[in-house]
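Dear colleague,

I am handing over the structure below. My notes on what was found in it follow.

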Amino acid sequence: MSKKITDEQIRAIAKSYGIEFAALKAVTEVEAGDNGFLPDGKPKILFEPHIFHRLLTEKNYITIRNRAKAENPKLCYLSWGAYPYGKESQQHNRLAIASKYDRDTALESCSWGMGQVMGYHWKKLGYASLQEFINAMYKDEAAQVDCMCRFIKVNGLIDELQRKDWAGFARGYNGSGFAKNQYDKKLAAAYRQFC
């Protein structure tokens, strides 16, 4: 059975969340190049070392954090951009190394699948456990897009998509630095392509 999402599945998911098909399709295209899996079948991820550092600190795992920083400074650091992330194909290996320090925190420190939703959001998105979230990311692209829509809904961004307020959506989905990468312009262009 294919893990690839179909346009009909996107239409059904979009309808269930009150989002226009072309708008949701545009977000999937811009976020993941319309692909949630690597050639080896693993979900696309991006391991975020500054998030790993932050979450270990918030959990009061200071000894673990300090050991990770000392032994693998490119996998655990305070500020975004301290080191390059590396290639997409290297991210699961980076996750595996970080998992040796604390598995749950490492999984929560990745953005996952087509929507590149951070793992630490699992609870507020309605998953019963972190493992249920991870299983959904491995299942198929439809589960990944559903996760993305949960994130859109929880963060009050459905209205922005309905109004085609690409800048408002981009700010809420990707943060205040969205304009640097022209995220809103890419969304608008992708939307026109799918109308």
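In which loop does Gln 116 lie? Gln 116 is in the loop between S2 and S3. Helices (H or I, at least four residues) and strands (E, at least two) are DSSP runs, numbered from the N terminus.

Please note that this is a predicted model, in which local features need pLDDT of at least 70, side-chain atom pairs count only at pLDDT 80 or more, and totals for chains, interfaces and linings use all residues. Residues are numbered from 1 along each chain as its sequence is written, and side-chain values use heavy atoms, with hydrogens and water left out.

The sheet: three strands make an open sheet, ordered S1-S2-S3, with antiparallel pairing. Strands S1 (45–47) and S3 (117–118) are at the edges with a single partner strand each, so one side of each has no neighbour in the sheet. Two strands count as paired if DSSP finds at least two bridges between them. S2 (residues 110–112) is joined to S3 by two bridges, and Trp 112 is opposite Val 117 in S3.

Gln 116 is partly exposed because its relative accessibility is 23% (buried is under 20% relative accessible area, exposed over 50%, partly exposed in between, with a 1.4 Å probe and protein chains only). Lys 164, also a residue other than glycine, has a positive phi near 60°. Lys 164 is placed in the loop between helix H9 (158–163) and helix H10 (166–174), and with a relative accessible area of 24% it is partly exposed.

Regards
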